[in-house]
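Reader: I am new to this structure. Please show me how to read it, one feature at a time.

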Amino acid sequence: FRSGLFERTDRLILTGFEGTGKSFLLAQMALCIAAGINPFLGFPSHEPSRVLVIDCENSRRQTQRRYRRIAQEVEKLTVSNNMAAPDWSKQMRFVIRPEGVALNEPRQVQRIERNIRAVSPDLVIVGPLYRMHTLDTKDEQAAKELTNVLDHLRIKHKFCLIAEAHVSHGSTREARALRPTGSSLFLRWPEFGMGLRPSPGTEDEEHPSKVDMVSWRGGREERVWPKNLTHNYR
């Protein structure tokens, strides 16, 4: 598995301010990579891949609406690129747990691993991180327990991992950093840490029409990331 952005066993944490489209970007990444398309450039970049999404925040209906809307756009891209239509039933799988997942509890880890075995995914998208442990992930030990479990599963099953994380609250968006909330361990853990913030001139928009994609930690390898993204509300 190599998509041009990710390789097997890579780790990315994606953060962003409220309303910047973090959940939509994760869905775009998931569906494009499943279809074999570069999620930012829109052209074929790799073989269609298997993707498992473990959503620990949104309801099944919310997830279905978001993914259905973006899947339609991805299907248009496959047509324009003369690619075979994606078989979403084979390429995409979802574990929807809006109540959260306690990866510090062995039974829940076993349940998640059964889903991973069933799918044999190339990419797993999880999060948000703070809803994957029963203790406060501001605590270094709790964060270490969580990342240890994720690393064990990632290495054992050889998948790329993208984790969603929230950012801390501040008085204004400008005053807030894009680092993930919780332990400083999350700053050191992934190969890549990227965040979304409103582009200049869009700060007062509820859902900014343009966002900057900012690296909040130096990547361990060179990859080509976009500097900004524009929302498409068609």
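Author: Start with a polar contact, a pair of N or O atoms within 3.5 Å; within protein, one must be able to donate a hydrogen and the other to accept it, and residues adjacent in sequence count only if both atoms are side-chain atoms. Here the side chain of H133 reaches the backbone nitrogen of L135 at 2.9 Å. This is a predicted model: local features need pLDDT of at least 70, side-chain atom pairs count only at pLDDT 80 or more, and totals for chains, interfaces and linings use all residues. Residues are numbered from 1 along each chain as its sequence is written, and side-chain values use heavy atoms, with hydrogens and water left out.

Reader: Where does H133 lie?

Author: H133 sits in the loop between β4 and α5. Helices (H or I, at least four residues) and strands (E, at least two) are DSSP runs, numbered from the N terminus.

Reader: Is H133 buried or exposed?

Author: Buried means under 20% relative accessible area, exposed over 50%, partly exposed in between (1.4 Å probe, protein chains only). H133 has a relative accessible area of 6%, so H133 is buried.

Reader: Which unit do β4, helix α5 and β5 make?

Author: Check the handedness of the crossover. A crossover is right-handed if, with the strands pointing away from the viewer, the path from the first strand over the helix to the second runs clockwise. β4, helix α5 (residues 140-157) and β5 form a right-handed β-α-β unit.

Reader: Which strands does β5 pair with?

Author: Two strands pair if DSSP finds at least two bridges between them. Strand β1 (residues 11-16) runs parallel to β5, with four bridges joining them. In that pairing, R11 has L161 of β5 as its bridge partner. Strand β4 (residues 123-127) is also parallel to β5, again through four bridges. There, V126 is partnered with A163 of β5.

Reader: How many residues of β5 are buried?

Author: In strand β5 (residues 160-164), five of five residues are buried. Both faces are covered: C160, I162 and E164 on one side, L161 and A163 on the other.

Reader: How do I read empty space?

Author: Rolling a probe the size of a water molecule over the atoms shows where empty space is left. On a 1 Å grid over the protein atoms alone, a cavity is a set of points where a 1.4 Å probe fits but cannot get out, and a pocket is an open set with protein on both sides within 12 Å along at least five of seven lines; lining residues have an atom within 4 Å of a point. Grid points are joined across faces, edges and corners, and a volume is the space filled by probe spheres set on the points.

Reader: How much space lies in the largest pocket?

Author: About 1,200 Å³. Its lining has 42 residues, with F24, L25, Q28, I70 and H231 nearest the centre. Elements giving two or more residues to that lining are α1 (22-35), α2 (60-80) and β8 (228-230).

Reader: How many cavities of 30 Å³ or more are there?

Author: A search of the whole structure finds three. Of its 13 lining residues, L26, V53, D55, Y67 and E164 are closest to the centre.

Reader: Which classes line the second largest cavity?

Author: Ala, Val, Leu, Ile, Met, Phe, Trp, Tyr, Cys and Pro count as nonpolar, Asp, Glu, Lys and Arg as charged, and the others, Gly among them, as polar. The second largest cavity, of about 50 Å³, is lined by eleven nonpolar, no polar and no charged residues. Among them are V126 and L161.
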